Structure formats: C-alpha cells, structure tokens
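Colleague: I am new to this structure and should like to understand the terms used for it. May I put some questions to you once it is shown?

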Amino acid sequence: RSFLLAQAQRSIVEMAREQAGLAVLFIDLDRFKQINDALGHASGDELLRVMAQRLRSVLRESDLVGRLSGDEFVLVLPRMNSTQVTSFLERLMALLSCPTTIAGTSVVVSASVGISLFPGDGLDMESLLHRADIAMYQAKRIERGSFSFYVEAMNRIAQDRLVLETALRNAMASDS
C-alpha cells in the first residue's frame, strides 16, 4: 500500500508538471466474502490472483495497480480524462465479469468502481483515493457492478450520514 501511494504521488507530480489529467479507480469486488465463505480462503486467494491478472492485462506501462486490502484494488491511470476513463471502464468491467473456474466451480464476479480525477477532485493521492472510495460506495448503492465518478455532493452526503449515525448512537446510549 505504501509503495502504491508513493508511486501514485510521483505520477501526480509528473501530471501536474505536464498539466495532464490522471484518474484514480477504487475497485471493490462484489460479493467476494460470499465466494470466500462458500469455497474457502484458498479459493478466495485464487480468485484475487485471477482478478489481479485481469487488471494488469489492460494497463499501459505508465499505469499503476495495487491491492489495498481484502478485495479492494486501486488503479492509477495517468493522462486520462473522464471520457477515456469511461471507455476504459466499459472494457475493464466486461473483462472482470467473465466467468472463471475456481475450485471446480464457475464463478462470475462483478466489481463496483469509484473514480476520482486529478486535478479537479484532489491534488494529492490521499484526497483522490478517499474520494474514489466515496464514489465506489455510491456505485455499490446504486447497482453492484457499476461505476461512479466522484462529485462534491457525495462528500457532503457521507459527512451528513456520519453526523446522523453518531447522533443516533448517542441517543441510544443515553436512553440505556
């Protein structure tokens, strides 16, 4: 994770010098836990390897890919704008959802993807990753197996939800 973030930050600095765009894609495999539970952890690990290979197969030399944790991957795509990202994602989503055989069982996996764009959504990897994560949860809420670009309203909604959840917890705790 640290290596990915450091490499991504270098790409951001380079894109700032070139005055070029960059996309950060936060990818979460849908229903991975169910597959892991049903087929076992070794099969889950095999599925992660297959998905990682599929991700690597569509990247250019300048692109970065890394696994954050569990079933979450991040792609950093220099010199990409929203139109190019949309075209790229249509190909990627089709590739990721191709059936694969794991432990003798045919498995179809979809992915929910959140996208943030440099420089509009953030000027550093931490901000871009956070906003791509917010957009990924939006995509998952709308329809698993879809993608969503970050928009500022998502951040306000996430903050409002946190405030509401905290108030509810506090109300429940003071009621006890």
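Colleague: Which residues does S112 touch, not counting residues up to four places away in sequence?

Modeller: S112 touches F26, I27, D28, D30, M136, K140, R144, G145 and S146, not counting residues up to four places away in sequence. Contact here means heavy atoms within 4.5 Å. This is a predicted model, in which local features need pLDDT of at least 70 and side-chain atom pairs count only at pLDDT 80 or more, while totals for chains, interfaces and linings use all residues. Residues are numbered from 1 along each chain as its sequence is written, and side-chain values use heavy atoms, with hydrogens and water left out.

Colleague: Why is S112 called buried?

Modeller: Buried means under 20% relative accessible area, exposed over 50% and partly exposed in between, with a 1.4 Å probe and protein chains only. S112 has a relative accessible area of 0%, and is therefore buried.

Colleague: What makes the pairing of the side chains of S112 and D30 a polar contact?

Modeller: A polar contact is a pair of N or O atoms within 3.5 Å; within protein, one must be able to donate a hydrogen and the other to accept it, and residues adjacent in sequence count only if both atoms are side-chain atoms. The side chains of S112 and D30 make such a contact at 2.8 Å. The side chain of S112 also reaches the backbone nitrogen of G145, at 3.4 Å.

Colleague: Why is strand 6 described as largely enclosed?

Modeller: S112 lies in strand 6, and eight of the eight residues of strand 6 are buried, so the strand is largely enclosed by the rest of the structure. A111, V113, I115 and L117 cover one side, and S112, G114, S116 and F118 the other. Strands (E, at least two residues) and helices (H or I, at least four) are DSSP runs, numbered from the N terminus.

Colleague: How do you know that strand 6 pairs with strand 1?

Modeller: Two strands pair if DSSP finds at least two bridges between them. Eight bridges join strand 1 to strand 6, and these strands run antiparallel. Three bridges join strand 6 to strand 7 (residues 147–149), in a parallel arrangement.

Colleague: How do you know that the span of helix 5 agrees with expectation?

Modeller: The expected span is 1.5 Å times one less than the number of residues. Helix 5 (residues 125–142) has 18 residues and should therefore span 26 Å; its end C-alpha atoms are 25 Å apart, which agrees.
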